[in-house]
Amino acid sequence: MHHLNALAAKLQYLRQEYDETVMHTAFASYATTLSPRDQSMLAALVCASQDSAQQPVGHNYISNDGCINGVVVGLNLGRIVYGREPEEDERRSLVWYLSQVAAELQELPLRGLDDRLAAERVISAPDVYVMLASERTCVFERDPALLLSDFFTADQWPILKPSYAPEYQLPDKAITKIEPLADDTVRTLRATLVSEEVAQQRCLVLLGDPGSGKSTFVRHMAWALAQRGLDQHSAATEIYGWSDQQRLFPLIISLRDLAASLARHSASPQTLYGVLRTALERFNLTAVDSLLNEGLTRGTALVLLDGLDEVPLEALAGQTVDRMTVLRVVRDFLLLHPQARAVLTCRTRAFTAKLRECLRWPTTTIQPFTFGQIRHFASAWFDALAKTGRISPNQAQPLRDALVNTIAAQPTLRSMAQTPLLLTLMALVLLSDGSLPRDRPLLYERILELLMGRWDKIRFGQSLGEAIGLPGWTSSRLRPLLDELSYTIHAAASAADGRGWIKQAQLRDTLIAFFEAAQVENPWEAARKYLAYMEQRSGLLVLEQDRYVFAHLTLQEHCAGRHLVSGLDASERVLNHRTDDRWHEPILLGLGVMQRHNPLLLDRVLSDLLDCDECGAPKPQARWQRDLLLAAEIGADRDWRVLRAQHINTERLLRDLKAGLGQIITCNPPILRPHERVRAAELLGHVGDPRPGVCTLQPDWCFVPYGSFIYGGFDGEPSALAIDLAGMRKPSSGFVIARYPVTEWQYQQFIQSTSYDQHQLHGSGHPNRPMRTTVWLALEFCSWLTEQGHQAGWLLPHQVVRLPTMWEWQKAGEAVLTTALELDTATTAALGAQSLPVGCFVERESVYGVLDINACSSEWTMPNALLIPTVSVLDDHVADLLTLNASEFSDDLHQARCMAHECVAPAQFGRLLAEFRMVISEREPFVVD
């Protein structure tokens, strides 16, 4: 404080001796070395003797007459809010409110993550904010003049240039898809930004996983709207998808606080109005009702409702209402104000079908960070630290590169870094240690070490043990207590998202009992100090009314997992919790910690899960299959190669696991739900899918007899056409076709044994997923596989492998559906968004055993002319008639059965990607007897 007083005295002297301009120039120079908090304090000291005392707004300062640097602000937003020229007191009131909101939200909230940075307030939230993308796409560019070479390098198609690739660019510039259209127009697509979704919807539900950036987005939106209302335009205040003239004034409230107000007063829209009014009144505004009513009535206010998932599922009498009640009040309030605009945030899993049906607002889901977003955050983060003097400018680039390169090299870290919260924690660990642990449990261990006292020892001269009056105690001695608390809290969780709590009195009693057992001299006082430390300085626990919750669900799960696997009965405890999905992540994390100390525990847990018996009796089939899934998840998470190096009998475990996962996929009728079978197939692909025709060169052939079938509809419909393949072929009983489309494993063998570059693979990294490629490479693959078949002896000399004709493809898929496959909306959306492993849906098997013809796919086929006399499979003009058969999940039986097809122009053969499968054919032209 002394150095601020000295600076203020110098600035006051400059103003008195010279003028305001000289003083402001000097102030701007000093401000670059100060934190935002110190800048605000310095401004207050300098202007303390002035009648026109100034208030900070980020790096701008606003005087009592509602001006920034002498410029009158707030007029534009005032006209929008009131629909007329605002009165001077209305303008000043609005400006005062916006300035306070902007100043409040300027600081990046780091309490509980890094108390040193939080206390110094050195990082400005807008400096490190990264735009968020939703799950929807929109048109980026559509221009007949655009060529594929504008987006791709000639020798690496379809690898995007860095200037368009999601690996390097933010979502507003990253192309997610290119569509060649019929008129040779090239249309490019990108992700729709969350800010664009807000601009397009009057009311919107913003969903996201824990740590995905929901609250950060709400805070940034409110800050940017406040700054725009003050006519402060810059790259930082730009809201993508909003015009520069578009202004709303923000009202941000916590739904957890609203739930408490509804319990104290009445569960009605009037109470919500009162909460909004209180949010304005705390800034000492005049004419609050006028401002609020105008904003709601004219639709010029944006109500930001944050954290529905933080409202408990069940009401607590006199303390809080339940989640459904809060949602009904919000719904009714917006019905009473049909022009008002609102955004409500919630964790994805917590927004149940009942809540969705109650509200009936459009929803959008925040997508995980792309690597382009990760790169942008890393640069912004370390540049912000260098800007404030936390690190030197020479350190920023090496630290950024270390974070990006470490994440890029490790798939597990890359997956974690897709969550903004975990990415921030990685940056903090790197700042502290200079390197990152590559294993998820080890990374969480380091994060907890930071939160439990290491920074406090540096900053305040006290460790956790010293803070609670036990200087001889290290954090490792107190960790079992935190683990036990986490376990208790997680076990008590009633919310679908896993958020748990513990009563204040129960927590105090648990702490006292722990310190009594440790024979601490004054257990009551130690418990009180421990609780104060955890709440006020580590930020791990947050007090809500009369109970505590973990600030971060991830760390709650990690500590609960540590406690779960401690003790001699660890394997039994894991099995006791395995039926609850909320415990799967704690199980994985706990076993990850224990892997270093007791790897044999993993062997026992895996063996117990793979065993088809339990307690001397056979497990129910559904239970056993889900145990197999969990065992596969544990093995993948802990890395089978590492387990083998730790002398665990992975050969036996993997043998049993492969057989069991294969049974999950192939048993008909299926036992598990569609998404579980898909996950089983994905896990099976990474340990070696044993199904014939999946990870073997020779396809698994299915025999299809010749005969008639109905093409283009159902029998008796006007659009139906009876096709008789028997009349077009030599006297033979039928043909053979591959049970599955060509897989990525099969295609990779082709790429590796030919002159094609690895860039031609373009796979997903899942060996048993179908390969999508251009028709030219599909034809090349058929020629290559023909040679392999001749060499291996499973093809006769006069036989070749080729694409099926459209009619053969349709015949092979005959009677795939007798009834519509029932898939819930969420499953359909999840499965339809990706390429799925082959053979997951045995209920869609054709009468000839062919799979995946009626799935979420499109496949290349040859022209039907091949079935007509004198046409050879090798004729050049055949390629001019190639077709693309497409089908997708549909509850519409007619659409699913028809299997729509379209002819593809030759100009598009090198652009479109599709799956393909093969049939065996003869070299000679076909002859009709």
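Two rings of Phe, Tyr or Trp (its six-membered ring) count as a pair if their centres lie within 6.5 Å. In this predicted model, the structure holds 15 such aromatic pairs.

**View 1. F515 and Y530 pair edge-to-face.** F515 belongs to helix α22 (residues 504-517) and Y530 to helix α23 (residues 523-538), so the contact ties together parts 15 residues apart in sequence. Both F515 and Y530 are buried.

**View 2. F781 and F916 form an edge-to-face pair.** Centre to centre, the rings are 5.6 Å apart, with 75° between the planes. This pair links distant parts of the chain, 135 residues apart. F781 sits in helix α33 (residues 775-792). F916 sits in the loop between β25 (901-903) and β26 (919-922). F781 has a relative accessible area of 1% and is therefore buried. F916 is buried as well, at 0% relative accessibility.

**View 3. Ring pairs join five residues into a cluster.** The members are Y747, F750, F781, W784 and F916.

**View 4. The charged end of R573 sits over the ring of Y487.** Its distance from the ring centre is 5.2 Å.

**View 5. R691 places its charged end over the ring of Y740.** Here the distance to the ring centre is 5.6 Å.

**View 6. C695 and C702 are buried cysteines.** The relative accessible area of C695 is 16%. For C702 the relative accessibility is 2%. With a disulfide taken as two cysteine sulfur atoms within 2.5 Å, the structure has 0 disulfides.

Conventions: Residues numbered from 1 in each chain as written. Predicted model: local features only at pLDDT ≥ 70, side-chain atom pairs only at ≥ 80, totals over all residues. Heavy atoms only, no water. Buried < 20%, exposed > 50% of the residue type's maximum accessible area, 1.4 Å probe, protein only. Phe/Tyr/Trp six-rings, centres within 6.5 Å; stacked < 30°, edge-to-face > 60°. Helix = DSSP H or I, 4+ residues; strand = E, 2+ residues; numbered from the N terminus. Lys NZ or Arg CZ within 6 Å of the ring centre and 35° of its normal.
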